[in-house]
Amino acid sequence: MQQTSDTTVERPASTSGLQFRLHPLVLISISDQCTRARQNPSAPSTSSSDHPSRVYGCLLGEQSGRNVDISNSFELRVASHSIDLEFLQKRADQYKQVFPTLDIVGWYSSSSEGPLPEDLGPHAQISRLNETPVYLVMNPSLATQSSVLPVGLFETEVHHVDKQHSTTFVKSAFTVETSEAERVGVAQVAQLLPSGASAGSGQLSAQLSGTLSALDMLMERVRSVHSVMQRMAAGEVPFDADVARGAAALASGLPALGDLAALRQEVSGEADVLMMVLAAAVTKGSGAAAEMINRYNLAYDRTGAAGISKRLTVPPTGGATRSPSEPLITP
């Protein structure tokens with residue numbers, strides 16, 4: 001429990017009865033903002049000027065009865081524990097034009113210590129736009145190996161004790177609700193490497209990754225068998241007929257990569273395929289050129305004012321010769 005002049009921050013269980021549903025898009029947006037603030041703290045951002053490592057934002061969603069659906073968010077500007085309400089209202093109006101059903105349901109920040117006493121100021125500002133806002137706190141310092149989401153949802157309660165009131169943050173339960181489109185996005189984000197590249201952006205990548213793993217395992221087994229056979233041949237280990245027969249069966253099952261005739265046949269097949277592709281490209285280009293000539297003749301099938309025809313003709317190609325100065329297409 002942390003005590004301020006007239007406010008108290010504690011974390012018991014909420015008794016409001018509200019059911020919160022949190023969408024993965026919100027978590028991805030907040031984590032991306034935390035990553036950007038941590039990697040480039042000197043860049044202009046929506047983090048607090050007092051705590052550059054903390055980030056702030058607004059939560060958008062829908063409330064139907066006692067069910068609160070948190071499905072989107074955007075970043076906020078905070079200075080001296082005060083939210084830039086002009087910026088907040090401007091961004092909220094912009095989101096309202098694109099998502100007319102979404103309203104402001106709360107706000108969020110990043111903190112490794114949970115809700116802090118100074119968070120009550122921004123929470124009071126958000127209360128002007130929503131009477132019962134929810135406060136989401138993300139812990140960016142939680143170990144990545146943890147199976148628990150580094151997120152907590154908090155509501156506020158006002159208690160009157162000895163003619164004094166105290167505002168309390170109380171923790172609320174929530175569930176993560178995912179749509180089909182969000183599942184695809186989350187799966188893609190989960191496959192991103194620390195460098196930003198994707199570990200597998202499609203079915204082909206997944207298949208190639210599996211094939212590569214299988215080849216690596218095969219090479220490791222072949223090296224082990226080869227090492228054992230060499231030691232048996234050198235007399236370092238006793239000769240084992242079962243191992244020798246197994247090695248012979250394995251060798252006979254491997255493709256004959258050293259066969260020169262097979263290699264030449266494979267290269268010849270690839271060359272034939274490339275020649276067919278090239279011939280198809282030339283044929284397609286010739287057809288496009290002929291179509292262009294026909295359209296040109298159709299558009300200019302008249303003689304100009306000087307009596308010069310504008311028709312295009314293609315010179316014969318069946319063994320006829322032309323001088324270097326003769327154009328391919330003549331008027």
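Predicted model: local features only at pLDDT ≥ 70, side-chain atom pairs only at ≥ 80, totals over all residues.
Me: How many salt bridges does the structure hold?
Reply: The structure holds nine. One of them joins the side chains of Arg21 and Glu177, at 3.1 Å from N to O.

Me: Where do Arg21 and Glu177 lie?
Reply: Arg21 is in strand E3 (residues 19-22), and Glu177 is in the loop between strand E12 (174-176) and helix H4 (180-190), so the pair ties together parts 156 residues apart in sequence.

Me: What about Arg36 and Asp32?
Reply: Their side chains also meet in a salt bridge, 3.0 Å from N to O. Both residues are in helix H1 (residues 24-39), four residues apart, so about one helical turn separates them. Arg36 is partly exposed, at 41% relative accessible area, and Asp32 is partly exposed at 40%.

Me: And Arg54 with Asp119, buried or exposed?
Reply: Arg54 is buried, and Asp119 is too. Their side chains form a salt bridge of 3.2 Å, N to O.

Me: Now H6. What is at its start?
Reply: A side-chain oxygen of Asp240 comes within 3.0 Å of the backbone nitrogen of Asp242.

Me: What span should H6 have?
Reply: Its 13 residues (241-253) should span 18 Å at 1.5 Å a residue, and the end C-alpha atoms are 18 Å apart, so the two agree.

Me: Which residues form the nonpolar surface patch?
Reply: Leu215, Leu218 and Leu250, with about 220 Å² of accessible area together. Leu218 is in helix H5 (residues 203-233) and is partly exposed at 35% relative accessible area.

Conventions
Residues numbered from 1 in each chain as written. Heavy atoms only, no water. Helix = DSSP H or I, 4+ residues; strand = E, 2+ residues; numbered from the N terminus. Expected span 1.5 Å × (residues − 1). Polar contact = N/O pair within 3.5 Å; in protein donor to acceptor, adjacent residues only side chain to side chain. Patch = residues over 30% accessible without salt bridge, like charges linked within 9 Å, V, L, I, M, F, W, Y side chains within 5 Å. Areas by Shrake-Rupley, 256 points an atom, 1.4 Å probe, with all protein chains shown as cover. Salt bridge = Lys/Arg side-chain N within 4 Å of Asp/Glu carboxyl O. Buried < 20%, exposed > 50% of the residue type's maximum accessible area, 1.4 Å probe, protein only.
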